Amino acid sequence: MRIGLLTDGGYPYATGESRLWCDRLVRGLAQHEFDVYALSRSAQQEDHGWIQLPPQVQRVRTAPLWAPEDDGHTYGRRERRRFVCHFKELASAVCAEGDGQGESFADALYGLAELARERGGLYAALRSELAVRVLESACRAPGARRTVHAATVPDYLAFADELERALRPLSLDWYADDCLGAVDLCHAASGGSAALPGLLAKRFFGVPLLVTEYGVQLRAHYLAASDGELTAPVRALLAAFQGRLAAEVYRQASVITPGNTHARRWQEKCGADRAKLRTVYPGMEVERFAAVGESVGAGDGGGDPHTLAWVGRIEPAKDLIALLHAFAEVRKEEPQARLRLFGAPVQGPEAVTYLAHCKALAAQVFPDEAADAHAVGDNPVSFEEIGGPDALELADAYASGAVVVLSSVVEGFPISLVEAMFCGRATVSTDVGAVVEVIGGTGLVVPPRNPRALAGACLALLRDPQRRERLGAAARARALELFTIEQNLTAFRGIYLELISHSPVQREAVNADGEPLPFARPAEAYAPCHWTGGGTASGGRLPRWAEGPRFVGTLATAKEVRA
């Protein structure tokens, strides 16, 4: 079958959050054809280019969301009246309090999409004075959210700019019979703007939509909007828009695959139907950690018994300050203890400042110590980079310590924790995000922002090597069962077959000479009834092996490249 893979700021670009799992998905399901429809987030991302694409990627179309894209289209009087009608309905749904505006929001969204498809792009209309007046009227209308009543003209302009970028997929030329109309299934790699082309493909052509979220787009928006760059009214308007969009995406999706129960809870709060949800954990590469994990299982390679290791991105959300204070308590009880902090090269002024603050605190709390008067002093805390020419490999970083620590105050799916589990390491983690779901009883979990509890758990494992070994072995077994690429591919293979059985392929598969291609489609595509038993929101049920675990986790000038 042909899959339309929809991405936002990721695959096929060499940078971005979704590039790795999308690449593994495409390569692992080589029996299917993939058309990639990608939105880019920055000029730097486009400058870095694409990763090497496998032959099953038949087409790639891209469009930027980061730069102004005026397609030159302007509306006449009739089109302006039509635009005002739909935009007024959308603005009212965004500004209104309560959850009863979903139908109005959807009607307005599809009305704007149909206008853009018939008469050209929405760029000029969404940035026009007319749009600003409509926003002002909606913000001051009775029943509007209290926060947006205080909005001023600069707020309307800022929100109009953000809204135009978010709705830019409506103006793309992807909605034709030979584009998204030719695919059998749309698979959105995230919610938000990435899923908009999938919504329109379902609206215009009846193509089923699958939405995968390893990090919930709405949650990411809330976290990003709290940086203080936008005023309170603009943040409230953006949050309301993203919430309405998320609800519509979940309503139209045939199946939704959260990456963990933490993401699943967010989706349910945003209106996702539980019957549509299938937890599918991210598939992670095992081979690079196999040597370390197997050496632990053979009774060798347990790491320095006095060393704690931390691996991750150095940023405030990781709360290394609390970890340093906890290590101070550990040193009082275990003077030989060491803490090794492994991080990727820091990027951005905030990360640089935070790293400098952490190093200053470490130097203050742990002055260089020497064994005697003739030895050179050494600090028990070290900051080391991963990925440099002389730096340790990632697996060696995990292997350097007897216990791996995660001290975050904000976390989605804890990738570093799973990597430590692949290495057979006992772990101490804070109870945030999907940590408890991932650990599942194979490590110690403490409350966040509690250095004393963190220190106590670290001491408990440092003093008990047999317990460390038992927990490390159990953690590795759990990771190999749940978090491998194989289980991820198996789950999506089953979901693809389920969805195609509900929406049989109508087009005929042909070879390069235009002749019919036998056995090009799975048998489920031609089944006169559902091939699975039971019941789901779409009428069928996945087999148990495909469900995944259920735990308590440019526009009109868009570029086209044919592989």
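In helix H16, the buried residues are Leu417, Val418, Glu419, Ala420, Met421 and Phe422. The helix spans residues 415-422, and because six of its eight residues are buried, H16 is largely enclosed by the rest of the structure. Gly424, which follows H16, has a positive phi, near 70°. These features, like those described below, are drawn from a predicted model.

Over the whole protein, 21 helices and 13 strands are present. Of the 563 residues, 54% are buried.

Two packed helices are described by the angle between their axes and the distance between the axes. For helix H1 (residues 19-28) and helix H20 (residues 485-502), the axes come within 10 Å and cross at roughly 65°. H1 is therefore roughly perpendicular to H20, since angles of 65 to 115 degrees are placed in that class. The crossing of H1 and H20 is right-handed. On the H1 side, the contact is made by Trp21, Arg24, Leu25 and Gly28; H20 contributes Ile485, Leu489, Phe492, Arg493 and Tyr496. Classified by residue type, the contact of H1 with H20 comprises six nonpolar residues, two charged residues and one polar residue. An α-helix has 3.6 residues a turn, so residues three or four places apart point the same way.

Key. Residues numbered from 1 in each chain as written. Predicted model: local features only at pLDDT ≥ 70, side-chain atom pairs only at ≥ 80, totals over all residues. Heavy atoms only, no water. Helix = DSSP H or I, 4+ residues; strand = E, 2+ residues; numbered from the N terminus. Buried < 20%, exposed > 50% of the residue type's maximum accessible area, 1.4 Å probe, protein only. Axes fitted to C-alpha atoms, helices over the stretch in contact; angles between N-to-C directions. Parallel < 35°, antiparallel > 145°, perpendicular 65-115°, else oblique. Left-handed = near helix turned anticlockwise from the far one by under 90°. Contact = heavy atoms within 4.5 Å. Nonpolar A, V, L, I, M, F, W, Y, C, P; charged D, E, K, R; others polar.
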